[in-house]
Amino acid sequence: MADLLERSIRADIALDWALPSAPLRVEVDPVQLELAVLNLVVNARDAMPEGGRIRIAVRQEETPDGPLAVLEITDTGGGMPPEVAARAFEPFFTTKPHGKGTGLGLSMVYGFARQSGGNATISSAPRRGTVVRVSLPVSGQAPEPEAVPDAAEAAPSGPVRLLVVEDNALVLMATVEGLTQEGFEVETADHGAAALEILEQDTAFDVIVTDVVMPYGVSGIDLARRVQERWPGIRVLLISGYSPESLSGLKADAAVLPKPFTPDQLAARVRALLRTTKAA
């Protein structure tokens, strides 16, 4: 994640790493873990308007219940008084100005940690910075070997252009990062109406990847219907927390990838759509 995190902070902030020589294995959803780290680094950045340092550290901690992998994000910002730190994990609680934060970032981190069998805590004090610790059980399971793509997938006939539509900036960054690493050319829009404006000027996209729930009156379902009507040659992939079955009756000619998913699962789904298009 180093490149993504470096691009997410400012030039007046240094990013330090303190990682063990060998990886610590944990059984978690990798996309949720990456989003948790990204959320914590962005929060740390916003807590240091005049610059500073962010330290990302990982260590193993022994407990009576077994070993834990402890991820610590430390900043040198202004810190929080006890009454604010006590509420920091609450959904929609934020000290940022209106329009600068949803108050969901830290609650998402806490929810991810708890759902993964671990915990998240905050240590902070005014003028002494903040440390967020995410503790996850160390797993004795060996990771499954990565599947080797077949020749058809490994050697695409040409660059594949995607339009990714997502109103959550953190999710958008993570999605674009993963798709770019998979070799796709990616353009972005932060809501459905903006995507339609792009398509009015540029229709040379192979697939549109869009969230379902978006602001400004154009949902992913609406976008899929518009694309089907005006640009039927472009495939649409809906990403949603809803099940594919619950979306099947909405009369949108689109495939569905349920959340959560990994970057390679998203890339594989896009390639499968393209193969289906070519076969048809």
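Predicted model: local features only at pLDDT ≥ 70, side-chain atom pairs only at ≥ 80, totals over all residues.
User: Why do β3 and β5 count as paired strands?
Analyst: Pairing needs at least two bridges. Strand β3 (residues 68-75) and β5 have eight, in the antiparallel sense. Therefore they count as paired. Leu71 has Val134 in β5 as its bridge partner.

User: What makes β4 a partner of β5?
Analyst: The count of bridges again. Strand β4 (residues 119-124) and β5 share six, antiparallel, against a requirement of at least two, so they pair. Ile122 stands opposite Val132 in β5. The two strands form a hairpin with five residues between them. Arg127, in the turn, has a positive phi of about 65°.

User: How do you know that β5 is mostly covered?
Analyst: Buried means under 20% relative accessible area. In strand β5 (residues 130-137), six of the eight residues are buried.

User: Which residues does Val134 touch?
Analyst: Contact means heavy atoms within 4.5 Å. Leaving aside residues up to four places away in sequence, Val134 touches Leu40, Ala69, Val70, Leu71, Val109, Ala113, Asn119 and Ala120.

User: Which members of the largest nonpolar core touch the most others?
Analyst: This core has 32 residues. Leu5, Leu40, Val41, Ile54, Ile56, Ile122 and Val134 touch the most other members. Helix α2 (residues 30-46) gives the most to this core, with seven residues. A second, separate core has 21 residues, including Leu163, Val165, Ala189 and Leu199.

User: Why is the sheet of β7, β6, β8, β9 and β10 called open?
Analyst: The order is β7-β6-β8-β9-β10, with parallel pairing. β7 and β10 (255-258) stand at the edges with a single partner strand each, so one side of each has no neighbour in the sheet. Neighbouring strands are turned by 25° against each other on average, direction ignored. Helix α6 (residues 169-181) packs on the sheet and touches β6 and β7. The direction of α6 makes about 165° with that of β7.

User: What covers the buried residues of α7?
Analyst: The cover includes β6 (161-165), β7 (185-189), β8 (207-211) and α8 (220-230). The buried residues of α7 (residues 192-201) are Gly192, Ala194, Ala195, Leu196 and Leu199. Helix α7 lies across β6, β7 and β8, at about 150° to β6.

User: What makes Arg161 a charge over a ring?
Analyst: The cut-off for CZ of Arg is within 6 Å of the ring centre and within 35 degrees of the ring normal. Arg161 lies over the face of Phe205, at 4.3 Å from the ring centre.

Note on methods: Residues numbered from 1 in each chain as written. Heavy atoms only, no water. Buried < 20%, exposed > 50% of the residue type's maximum accessible area, 1.4 Å probe, protein only. Helix = DSSP H or I, 4+ residues; strand = E, 2+ residues; numbered from the N terminus. Axes fitted to C-alpha atoms, helices over the stretch in contact; angles between N-to-C directions. Core = buried A, V, L, I, M, F, W, Y, C linked by side-chain atoms within 4.5 Å.
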